[in-house]
Amino acid sequence: MHLLLIGVSHRTAPIELRERLDFSARGLSEALATLAGRPSGAEAAVLSTCNRAEVYLACENLDRGRGDAEQFFADFHRLTHEELRPHLYAKTDAEAARHLFRVAAGLDSLVVGEPQILGQVKDAYGHANLQQTTGPLLKRLFTSAFTAGKRVRAETRLAEGAVSVSYAAVALARKIFGDLKDRTVLVVGAGEMGKLTALHMKSQGIRKMLITSRTATHAEGLAQAMEATVIAWDRLVGALSESDIVITATGASAPIISRPLVETAMRPRRHRPLFVIDIAVPRDVDPRAGNIEQVFLYNIDDLQAVVVENVSRRTAEVDQAEAIVTEEVDRFRNWMQSRGAIPTVVALRQRFEAVRRAELERLEPKLTGLSPEARARVDEVTRLIVEKLLINPTEQLKSLSDSETIAAYTDVLNRLFDLSRTGQADSSLQKELTAAFAAADRRAERPRSAPAKTSSSS
Amino acid sequence: MDPMNIVPLGLYLVAGLVYAVHFVGRSRPVGRAATTLLIVGALSHTFVIGMLTMQAGHVPFAGTTQAISTFVWLLALSYLYVEIATDEHAMGVFIVPLLVVLQAIPAFQPGAEARVSAVLESPWFGVHVSSLLFAYASFALAFVIGITYVLLFKEIKAKHLGFFYARLPSLEVLDKMNLRAVAIGWVFLTVGVLVGWVWASQARTAVDLDPRVQAMSLQDPKIFVALLCWAVYSFELYAQRAIGWRGRRAAWLSAVGFVIVLLNLVPVSYFFTKSHNF
């Protein structure tokens, strides 16, 4: 069984194409149902965000799988192959896994380390699970991706520090005031930037928002959109005294808030800190106002400098994050390869079971005198003996990870137990075993520090 | 050297180093390890103080050296309380070195176990000394929190968001913690001084007057400096309520107050006082 990824992302396709490939528009469920019904295999998951549309498939034959997937992309979104092909990328097995792990870790995002993507990957898996289009391969793939994403967040600082001006302003406000719940925000001017920053503040659950603008109608329009209170322009000083955070974004050509004005406003505040965010260009607030004790004045350049520093700090964490991804990819690769031993395990178990059945049948005449309970007991005991005998060989086979060793073991077992005679493994047992493998893997995964699957070969 | 006081000293030292590693690297497991070490250190210190209490029949703070050890113990406990209440390991790097330096005094210079003088056989003694030591421990916390406030304040004001910005809690939290620690310390300082005053006036009526009791007046440096402390912290609390002095000014006042406390605890006790040299 192979893993196949086909998709487009912000790295390969322009926004116009990504919009047309958005799965959420036409329904993920339908997409998953279509994919699961394709002839080349049943496991499928779709990851669709505004920056990417990706399909993860499990298939026996990679070429056929790829053909199916490309056809699906074209049919589902009504595009021609010519339109689509230059933007599609395809990755298989461990490389497909690496791609998803990097995505989950935020390494493939437009803004490196952005936090939403892990949730989106989780949603993609949740959808596929709900539609029952996941199987052992995709289950393992996605749980490993979550591990990689969480580890990168916990062990590196890839997601730390605000990387947009408005988030940087919110982060600063939190560093000054702690909780923003009981704070009052004053927005001066009705510009777009000011509105954006105010919205971010609002999402922090501030208590009250005031808006003032030289043009009363502008202030009223914005106030309605933001559920804020309009303050008359000539009451600016009073509003300053009342607020904790001030965002200025007017189009004025000279500073409208002078140092004496801020001093007047500070008097009734009794040294309560005031955080002034001046994102207007040219500036709205006299820079000397920043020298007043308990006034923190940041202009757009100051905030941008913070952002630049945060971005470079994130970039410095990329190597470490990639190393974590590589570790998780190695574990996943080992797991995939260890699945190569499954047919041998199945054959071995079938052989043992066949011997047990044959012996019971042979003894049938002698057992007729026994009570049904006793006969059930005989059946139980023989079954347990077989189980016990198989525990160790099964574990050993499961722990193999490189294909050569698996081949050698398979060969030896074939000869010792004459496994080829048993014939093709029946599929229900194979399914059962695959599931058992997955369960055993999950148990083994829990103490994460344990080294991935020790190989007993040397 | 006093082997009993060495053990907590060693543990505080190791905890301090781990706190420093945590402060630089900000790894949560390291932070937890530092806290665990500090808890173990405080527990061993509790054991030492418990042993001395059993030996002497009273809590060991007769004698400056032992009082310092008890002070360190109280400070460690108060800090652990703050840390557990705020889930903030960043301040340990500032507090624990103080524990180490002060604990080194009882560990390397143990005073002979003072034969308990007759004056100290009073129920007032325990209340007087323990409330003062607890007050001093609170002031020590306020001092350290004040320093971190100033460090963070300077970074934000200078628009150079770096080392402390990434590591310390918000200014508001630091400010509140500082004032709370000062308020608690002030209450205990007031109780301690009042009890001492009542007790001294009682002791004066005793038949065989101890020369130290005679020396108990405002002219004695230990008493004078303690009252000076009280004045500084009273002003800090008053200024905060009445004129809203908080933040950096409150932090500086906490620092000044604690320098006076330290002065009183170590040099004044060892060299100058005539009334408190038990």
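Colleague: How many residues of chain B are in contact with chain A?

Modeller: On the chain B side 27 residues are in contact, and they meet 27 residues of chain A. Keep in mind that this is a predicted model.

Colleague: Thanks! What area do chain B and chain A bury between them?

Modeller: About 2100 Å² is buried between the two chains, with 46% of it on carbon and sulfur atoms.

Colleague: And which residues in chain B lose the most area to chain A?

Modeller: Those are Lys157(B), Lys159(B) and Leu161(B), which together make up 26% of what the chain B side buries.

Colleague: How many salt bridges are there between chain B and chain A?

Modeller: The count between them is 3 salt bridges. Glu172(B), for example, forms a salt bridge with Arg183(A), and the closest N and O atoms of that pair are 3.5 Å apart. In general, side chains of opposite charge can pair when their charged atoms come close.

Colleague: What about the whole structure, how many salt bridges over all chains?

Modeller: A search over all chains finds 35 salt bridges. Among them is the pair of Arg349(A) and Glu387(A), with the closest N and O atoms 3.3 Å apart.

Colleague: Let's switch to helix packing. At what angle do H5 and H7 of chain B pack?

Modeller: H5(B), residues 123–157, and H7(B), residues 171–204, pack at about 155°, and their axes are 7 Å apart. Angles over 145 degrees count as roughly antiparallel, and therefore H5(B) and H7(B) are roughly antiparallel to each other. H5(B) passes H7(B) in a left-handed crossing. The residues of their contact divide into 29 nonpolar, 9 polar and 1 charged.

Colleague: Nice. And how do H8 and H14 of chain A pack?

Modeller: H8(A) and H14(A), the latter spanning residues 300–338, pack at an angle of about 155° with their axes 9 Å apart. That makes H8(A) roughly antiparallel to H14(A). Their crossing is right-handed. The residues of this contact divide into 10 nonpolar, 3 polar and 6 charged.

Colleague: Which residues meet there?

Modeller: From H8(A) they include Leu137(A), Arg140(A) and Glu155(A), and from H14(A) they include Glu328(A), Arg331(A) and Trp335(A).

Colleague: Last topic, the backbone. Which peptide bond is cis, with omega near -5°?

Modeller: The one from Val281(A) to Pro282(A). Pro282(A) sits in the loop between strand S9 (274–278) and strand S10 (295–299) of chain A.

Colleague: And what is the phi of Gln132(A)?

Modeller: Gln132(A) has a positive phi of about 55°, although it is not a glycine. You'll find Gln132(A) in the loop between helix H7 (116–130) and helix H8 (136–155) of chain A.

Notes: Residues are numbered from 1 along each chain as its sequence is written. Chains are lettered from A and ligands numbered from 1 in the order in which they are written. This is a predicted model: local features need pLDDT of at least 70, side-chain atom pairs count only at pLDDT 80 or more; totals for chains, interfaces and linings use all residues. Side-chain values use heavy atoms; hydrogens and water are left out. Axes are lines fitted to C-alpha atoms, for helices over the stretch in contact, and angles run from 0 to 180 degrees between N-to-C directions. Helices (H or I, at least four residues) and strands (E, at least two) are DSSP runs, numbered from the N terminus. Angles under 35 degrees count as roughly parallel, over 145 as roughly antiparallel, 65 to 115 as roughly perpendicular and the rest as oblique. A crossing is left-handed if the near helix is turned anticlockwise from the far one by less than a right angle, and right-handed if clockwise. Ala, Val, Leu, Ile, Met, Phe, Trp, Tyr, Cys and Pro count as nonpolar, Asp, Glu, Lys and Arg as charged, and the others, Gly among them, as polar. Contact means heavy atoms within 4.5 Å. Buried area is the accessible area (1.4 Å probe) that two parts lose on being put together, summed over both. A salt bridge is a side-chain nitrogen of Lys or Arg within 4 Å of a carboxyl oxygen of Asp or Glu.
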